[in-house]
Amino acid sequence: MRVWRRLEELPPDFGPSSVTIGNFDGVHVGHRRIMRRVREVASARGLEPTVLTFDPHPSRVVAPKRSPRLMTTPEQRAALVAEEGIRHVLILPFTGQVAHWPPEEFVRRVLVEKLHARAVLVGDNFRFGHKQAGNTVMLAELGRRYGFTTEIVPAVRVRDRVVSSSVIRALVESGNVSQAARLLTRPYTLEGNVVPGYGVGGRLTVPTLNLATAGELLPASGVYITRTTAVPDDRQWPSITNVGYRPTFDGRRLSIETYLLEPLEGPDPARLRLAFLHRLRDERRFDAPEALREQILRDVARAETYFRRAAKWTRCLPQPA
(Lines give C-alpha, C1' and ligand atoms only; values in the text may rest on other atoms or scores of the structure.)
Protein backbone atom coordinates (compact mmCIF):
# COMPACT_ATOMS: atom_id res chain seq x y z
CA MET A 1 0.00 0.00 0.00
CA ARG A 2 1.18 3.54 -0.76
CA VAL A 3 0.50 6.48 1.57
CA TRP A 4 0.51 10.03 0.17
CA ARG A 5 0.63 13.04 2.48
CA ARG A 6 0.20 15.94 0.07
CA LEU A 7 -1.71 16.48 -3.14
CA GLU A 8 1.55 17.43 -4.80
CA GLU A 9 2.99 13.97 -4.10
CA LEU A 10 0.45 12.24 -6.34
CA PRO A 11 1.87 11.46 -9.80
CA PRO A 12 0.11 13.06 -12.77
CA ASP A 13 -0.95 9.64 -14.05
CA PHE A 14 -2.43 8.47 -10.73
CA GLY A 15 -5.56 6.34 -11.00
CA PRO A 16 -8.16 6.21 -12.29
CA SER A 17 -9.51 5.47 -8.83
CA SER A 18 -12.38 4.12 -6.81
CA VAL A 19 -12.29 6.32 -3.72
CA THR A 20 -14.01 6.88 -0.41
CA ILE A 21 -13.69 10.00 1.74
CA GLY A 22 -13.87 10.40 5.50
CA ASN A 23 -12.09 10.68 8.83
CA PHE A 24 -12.45 6.93 9.51
CA ASP A 25 -11.29 7.24 13.13
CA GLY A 26 -11.01 3.74 14.54
CA VAL A 27 -11.74 2.08 11.17
CA HIS A 28 -14.79 0.33 12.64
CA VAL A 29 -17.14 -2.24 11.14
CA GLY A 30 -19.09 0.42 9.24
CA HIS A 31 -15.95 1.88 7.72
CA ARG A 32 -14.83 -1.59 6.71
CA ARG A 33 -18.07 -2.17 4.83
CA ILE A 34 -17.30 0.94 2.74
CA MET A 35 -13.68 -0.15 2.19
CA ARG A 36 -14.76 -3.58 0.97
CA ARG A 37 -17.20 -1.97 -1.46
CA VAL A 38 -14.46 0.38 -2.73
CA ARG A 39 -12.29 -2.66 -3.41
CA GLU A 40 -15.13 -4.53 -5.15
CA VAL A 41 -15.90 -1.59 -7.45
CA ALA A 42 -12.20 -1.11 -8.17
CA SER A 43 -11.78 -4.77 -9.07
CA ALA A 44 -14.85 -4.79 -11.33
CA ARG A 45 -13.90 -1.62 -13.19
CA GLY A 46 -10.11 -1.76 -13.27
CA LEU A 47 -9.65 1.14 -10.82
CA GLU A 48 -7.23 1.85 -7.97
CA PRO A 49 -8.88 1.31 -4.54
CA THR A 50 -8.18 4.54 -2.65
CA VAL A 51 -9.03 6.20 0.67
CA LEU A 52 -8.97 9.96 1.22
CA THR A 53 -8.70 10.98 4.87
CA PHE A 54 -7.54 14.08 6.75
CA ASP A 55 -4.95 15.24 9.25
CA PRO A 56 -5.70 16.92 11.52
CA HIS A 57 -9.32 15.98 12.08
CA PRO A 58 -11.33 18.79 10.40
CA SER A 59 -13.01 19.73 13.68
CA ARG A 60 -9.59 20.73 15.07
CA VAL A 61 -9.56 23.50 12.49
CA VAL A 62 -13.21 24.57 12.24
CA ALA A 63 -14.48 23.82 15.79
CA PRO A 64 -11.56 22.97 18.10
CA LYS A 65 -13.66 23.10 21.28
CA ARG A 66 -15.84 20.29 19.92
CA SER A 67 -12.98 18.21 18.55
CA PRO A 68 -13.11 14.57 19.73
CA ARG A 69 -10.34 12.57 21.33
CA LEU A 70 -9.21 10.30 18.53
CA MET A 71 -8.81 6.53 18.68
CA THR A 72 -6.24 6.24 15.90
CA THR A 73 -3.41 8.19 14.33
CA PRO A 74 -3.35 8.69 10.55
CA GLU A 75 -0.65 6.02 10.29
CA GLN A 76 -2.76 3.54 12.25
CA ARG A 77 -5.76 4.28 10.06
CA ALA A 78 -3.70 3.65 6.94
CA ALA A 79 -2.51 0.29 8.27
CA LEU A 80 -6.06 -0.75 9.17
CA VAL A 81 -7.62 0.17 5.82
CA ALA A 82 -4.88 -1.81 4.09
CA GLU A 83 -6.40 -4.92 5.71
CA GLU A 84 -9.44 -4.39 3.45
CA GLY A 85 -7.43 -4.35 0.24
CA ILE A 86 -7.03 -0.57 -0.10
CA ARG A 87 -3.91 0.19 -2.16
CA HIS A 88 -3.61 3.96 -1.79
CA VAL A 89 -4.26 6.36 1.11
CA LEU A 90 -4.13 10.12 0.69
CA ILE A 91 -3.83 11.86 4.07
CA LEU A 92 -4.82 15.38 3.05
CA PRO A 93 -3.53 18.14 5.36
CA PHE A 94 -6.70 19.87 6.55
CA THR A 95 -5.87 23.57 6.69
CA GLY A 96 -7.92 26.72 6.97
CA GLN A 97 -7.62 27.08 3.21
CA VAL A 98 -9.02 23.59 2.59
CA ALA A 99 -11.82 24.29 5.08
CA HIS A 100 -12.93 27.25 2.94
CA TRP A 101 -13.09 25.38 -0.36
CA PRO A 102 -16.70 25.28 -1.62
CA PRO A 103 -17.96 21.74 -2.34
CA GLU A 104 -17.37 21.93 -6.08
CA GLU A 105 -13.83 23.25 -5.64
CA PHE A 106 -13.03 20.37 -3.27
CA VAL A 107 -14.37 17.85 -5.79
CA ARG A 108 -12.55 19.43 -8.72
CA ARG A 109 -9.19 19.97 -6.99
CA VAL A 110 -8.96 16.64 -5.17
CA LEU A 111 -11.26 14.01 -6.67
CA VAL A 112 -11.08 15.02 -10.31
CA GLU A 113 -7.70 16.66 -10.93
CA LYS A 114 -5.56 14.62 -8.49
CA LEU A 115 -7.26 11.28 -7.78
CA HIS A 116 -8.90 10.97 -11.22
CA ALA A 117 -11.92 9.42 -9.53
CA ARG A 118 -14.27 7.29 -11.59
CA ALA A 119 -16.26 6.00 -8.61
CA VAL A 120 -16.83 7.76 -5.26
CA LEU A 121 -18.36 5.81 -2.37
CA VAL A 122 -19.47 7.44 0.89
CA GLY A 123 -21.78 6.91 3.84
CA ASP A 124 -25.29 8.33 3.84
CA ASN A 125 -24.36 11.12 6.29
CA PHE A 126 -21.42 12.37 4.22
CA ARG A 127 -20.92 16.17 4.15
CA PHE A 128 -18.12 18.14 2.52
CA GLY A 129 -16.94 21.59 1.53
CA HIS A 130 -17.07 24.95 3.31
CA LYS A 131 -19.44 24.81 6.29
CA GLN A 132 -20.35 21.26 5.20
CA ALA A 133 -22.53 22.71 2.45
CA GLY A 134 -22.13 19.60 0.27
CA ASN A 135 -24.16 16.43 0.79
CA THR A 136 -24.67 13.15 -1.06
CA VAL A 137 -27.19 14.69 -3.49
CA MET A 138 -24.72 17.40 -4.47
CA LEU A 139 -21.93 14.84 -4.73
CA ALA A 140 -23.99 12.80 -7.20
CA GLU A 141 -24.76 15.92 -9.25
CA LEU A 142 -21.07 16.84 -9.37
CA GLY A 143 -20.25 13.26 -10.32
CA ARG A 144 -22.48 13.47 -13.36
CA ARG A 145 -20.79 16.72 -14.33
CA TYR A 146 -17.21 15.50 -13.82
CA GLY A 147 -17.55 11.90 -14.92
CA PHE A 148 -17.62 9.75 -11.78
CA THR A 149 -20.35 7.56 -10.32
CA THR A 150 -21.54 8.04 -6.75
CA GLU A 151 -22.58 5.20 -4.47
CA ILE A 152 -24.06 5.59 -0.98
CA VAL A 153 -23.06 2.70 1.28
CA PRO A 154 -25.63 2.00 4.03
CA ALA A 155 -24.53 2.36 7.63
CA VAL A 156 -24.02 -0.74 9.78
CA ARG A 157 -26.49 -1.13 12.64
CA VAL A 158 -25.89 -3.21 15.76
CA ARG A 159 -28.81 -3.71 18.12
CA ASP A 160 -30.73 -1.09 16.17
CA ARG A 161 -28.02 1.53 16.70
CA VAL A 162 -25.89 2.98 13.91
CA VAL A 163 -22.22 2.19 14.41
CA SER A 164 -20.15 5.38 14.51
CA SER A 165 -16.81 6.56 15.84
CA SER A 166 -18.56 8.76 18.41
CA VAL A 167 -20.54 5.78 19.75
CA ILE A 168 -17.36 3.74 20.11
CA ARG A 169 -15.50 6.59 21.81
CA ALA A 170 -18.32 6.81 24.36
CA LEU A 171 -18.08 3.06 25.00
CA VAL A 172 -14.32 3.26 25.58
CA GLU A 173 -14.62 6.29 27.84
CA SER A 174 -17.25 4.48 29.93
CA GLY A 175 -15.06 1.37 30.22
CA ASN A 176 -17.22 -0.86 28.01
CA VAL A 177 -14.23 -2.09 26.03
CA SER A 178 -15.88 -5.44 25.20
CA GLN A 179 -18.69 -3.78 23.26
CA ALA A 180 -16.24 -1.33 21.69
CA ALA A 181 -14.20 -4.29 20.42
CA ARG A 182 -17.25 -5.79 18.74
CA LEU A 183 -17.91 -2.57 16.85
CA LEU A 184 -14.23 -2.05 15.99
CA THR A 185 -13.81 -5.74 14.98
CA ARG A 186 -10.74 -5.79 17.25
CA PRO A 187 -9.81 -4.72 20.81
CA TYR A 188 -9.22 -1.05 21.52
CA THR A 189 -5.47 -0.49 21.93
CA LEU A 190 -3.06 2.00 23.45
CA GLU A 191 0.63 2.17 22.63
CA GLY A 192 3.48 3.93 24.39
CA ASN A 193 6.83 3.76 26.07
CA VAL A 194 7.61 1.90 29.27
CA VAL A 195 8.52 4.42 31.99
CA PRO A 196 9.71 4.11 35.58
CA GLY A 197 6.96 3.66 38.14
CA TYR A 198 6.80 4.86 41.71
CA GLY A 199 8.71 1.90 43.14
CA VAL A 200 5.75 0.85 45.26
CA GLY A 201 4.24 -2.05 43.32
CA GLY A 202 7.31 -4.27 43.31
CA ARG A 203 7.81 -3.82 47.06
CA LEU A 204 4.26 -3.82 48.42
CA THR A 205 1.90 -5.39 45.89
CA VAL A 206 2.97 -6.86 42.53
CA PRO A 207 5.55 -5.65 39.95
CA THR A 208 4.11 -3.80 36.98
CA LEU A 209 5.13 -2.21 33.69
CA ASN A 210 4.13 1.43 33.49
CA LEU A 211 2.98 2.91 30.19
CA ALA A 212 3.30 6.51 29.00
CA THR A 213 1.08 6.99 25.97
CA ALA A 214 0.30 9.80 23.58
CA GLY A 215 -3.05 8.15 22.90
CA GLU A 216 -5.86 10.66 23.24
CA LEU A 217 -8.71 8.38 24.28
CA LEU A 218 -8.30 6.47 27.55
CA PRO A 219 -10.67 3.87 28.98
CA ALA A 220 -12.46 4.82 32.19
CA SER A 221 -10.48 4.34 35.40
CA GLY A 222 -10.56 0.71 36.44
CA VAL A 223 -8.96 -2.70 36.12
CA TYR A 224 -9.00 -4.48 32.75
CA ILE A 225 -8.03 -7.81 31.27
CA THR A 226 -5.53 -6.93 28.56
CA ARG A 227 -3.12 -8.49 26.11
CA THR A 228 0.30 -6.87 26.15
CA THR A 229 2.55 -6.83 23.09
CA ALA A 230 6.15 -5.68 22.98
CA VAL A 231 6.88 -3.27 20.14
CA PRO A 232 8.45 -3.95 17.71
CA ASP A 233 9.34 -7.63 18.39
CA ASP A 234 5.71 -8.76 18.97
CA ARG A 235 6.29 -10.80 22.10
CA GLN A 236 2.90 -11.17 23.81
CA TRP A 237 1.64 -11.79 27.33
CA PRO A 238 -1.80 -12.11 28.92
CA SER A 239 -2.09 -9.34 31.47
CA ILE A 240 -4.21 -7.15 33.68
CA THR A 241 -3.99 -3.37 33.56
CA ASN A 242 -5.01 -0.68 36.00
CA VAL A 243 -5.94 2.72 34.56
CA GLY A 244 -6.30 5.27 37.33
CA TYR A 245 -4.84 7.32 40.14
CA ARG A 246 -3.59 4.69 42.63
CA PRO A 247 -5.90 5.83 45.45
CA THR A 248 -4.42 3.34 47.96
CA PHE A 249 -1.14 5.27 47.68
CA ASP A 250 -2.75 8.73 47.42
CA GLY A 251 -1.81 9.04 43.77
CA ARG A 252 -2.31 12.39 42.07
CA ARG A 253 -1.42 11.59 38.46
CA LEU A 254 -3.09 9.17 36.10
CA SER A 255 -1.07 6.01 35.56
CA ILE A 256 -1.43 2.93 33.35
CA GLU A 257 0.11 -0.06 35.11
CA THR A 258 0.22 -3.57 33.65
CA TYR A 259 0.92 -6.85 35.41
CA LEU A 260 1.99 -9.72 33.14
CA LEU A 261 0.41 -13.11 33.88
CA GLU A 262 3.36 -14.98 32.34
CA PRO A 263 7.10 -14.56 32.92
CA LEU A 264 8.87 -11.77 31.10
CA GLU A 265 11.49 -13.64 29.10
CA GLY A 266 14.10 -11.85 27.08
CA PRO A 267 15.01 -8.17 27.31
CA ASP A 268 12.72 -5.75 29.09
CA PRO A 269 10.42 -4.13 26.51
CA ALA A 270 10.92 -0.44 25.89
CA ARG A 271 7.57 0.02 24.17
CA LEU A 272 4.21 -1.73 24.61
CA ARG A 273 0.84 -2.06 22.95
CA LEU A 274 -2.09 -2.80 25.26
CA ALA A 275 -5.24 -4.41 23.87
CA PHE A 276 -8.19 -3.89 26.23
CA LEU A 277 -10.31 -7.05 26.28
CA HIS A 278 -12.66 -6.88 29.28
CA ARG A 279 -13.32 -4.63 32.28
CA LEU A 280 -12.96 -6.37 35.64
CA ARG A 281 -13.86 -3.69 38.18
CA ASP A 282 -13.67 -0.08 39.26
CA GLU A 283 -10.51 1.28 40.78
CA ARG A 284 -10.93 1.76 44.53
CA ARG A 285 -8.99 2.62 47.63
CA PHE A 286 -7.85 -0.16 50.00
CA ASP A 287 -6.97 0.30 53.65
CA ALA A 288 -3.55 -1.31 53.25
CA PRO A 289 -1.24 -2.49 50.48
CA GLU A 290 -1.80 -6.09 51.62
CA ALA A 291 -5.52 -5.80 50.90
CA LEU A 292 -4.80 -4.37 47.47
CA ARG A 293 -2.39 -7.23 46.76
CA GLU A 294 -5.05 -9.79 47.69
CA GLN A 295 -7.51 -8.08 45.34
CA ILE A 296 -4.93 -8.07 42.53
CA LEU A 297 -4.45 -11.82 42.97
CA ARG A 298 -8.22 -12.28 42.69
CA ASP A 299 -8.15 -10.16 39.54
CA VAL A 300 -5.35 -12.36 38.21
CA ALA A 301 -7.40 -15.50 38.85
CA ARG A 302 -10.38 -14.06 36.95
CA ALA A 303 -8.12 -13.03 34.08
CA GLU A 304 -6.55 -16.49 33.89
CA THR A 305 -10.04 -18.01 33.69
CA TYR A 306 -10.91 -15.56 30.91
CA PHE A 307 -7.86 -16.53 28.86
CA ARG A 308 -8.42 -20.28 29.42
CA ARG A 309 -11.99 -19.97 28.17
CA ALA A 310 -10.88 -17.87 25.20
CA ALA A 311 -8.26 -20.47 24.27
CA LYS A 312 -10.79 -23.30 24.57
CA TRP A 313 -13.28 -21.42 22.39
CA THR A 314 -10.58 -20.75 19.78
CA ARG A 315 -9.68 -24.46 19.66
CA CYS A 316 -13.33 -25.27 18.94
CA LEU A 317 -13.42 -23.07 15.85
CA PRO A 318 -13.21 -24.81 12.45
CA GLN A 319 -9.62 -24.93 11.26
CA PRO A 320 -8.68 -23.98 7.69
CA ALA A 321 -8.09 -26.90 5.34
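Modeller: What follows begins with the strand pairing and then turns to the chain around it.

This is a predicted model, in which local features need pLDDT of at least 70 and side-chain atom pairs count only at pLDDT 80 or more, while totals for chains, interfaces and linings use all residues. Residues are numbered from 1 along each chain as its sequence is written, and side-chain values use heavy atoms, with hydrogens and water left out.

Strand β10 covers residues 209–213, and strand β9, covering residues 188–195, runs antiparallel to β10 and is joined to it by 4 bridges; two strands are said to pair if DSSP finds at least two bridges between them. Within this pairing, valine 194 has leucine 211 of β10 as its bridge partner. Strand β10 is also joined by 2 bridges to strand β13 (residues 255–260), again in an antiparallel arrangement, and here asparagine 210 has glutamate 257 of β13 as its bridge partner. As a general point, side chains in a regular strand alternate between the two faces of the sheet.

These strands belong to a protein chain with 10 helices and 14 strands, where helices (H or I, at least four residues) and strands (E, at least two) are DSSP runs numbered from the N terminus. The C-alpha trace of the chain spans about 70 × 50 × 40 Å along its principal axes. Of the contacts with a separation of 6 or more, 72% are between residues 24 or more positions apart, a contact meaning heavy atoms within 4.5 Å.
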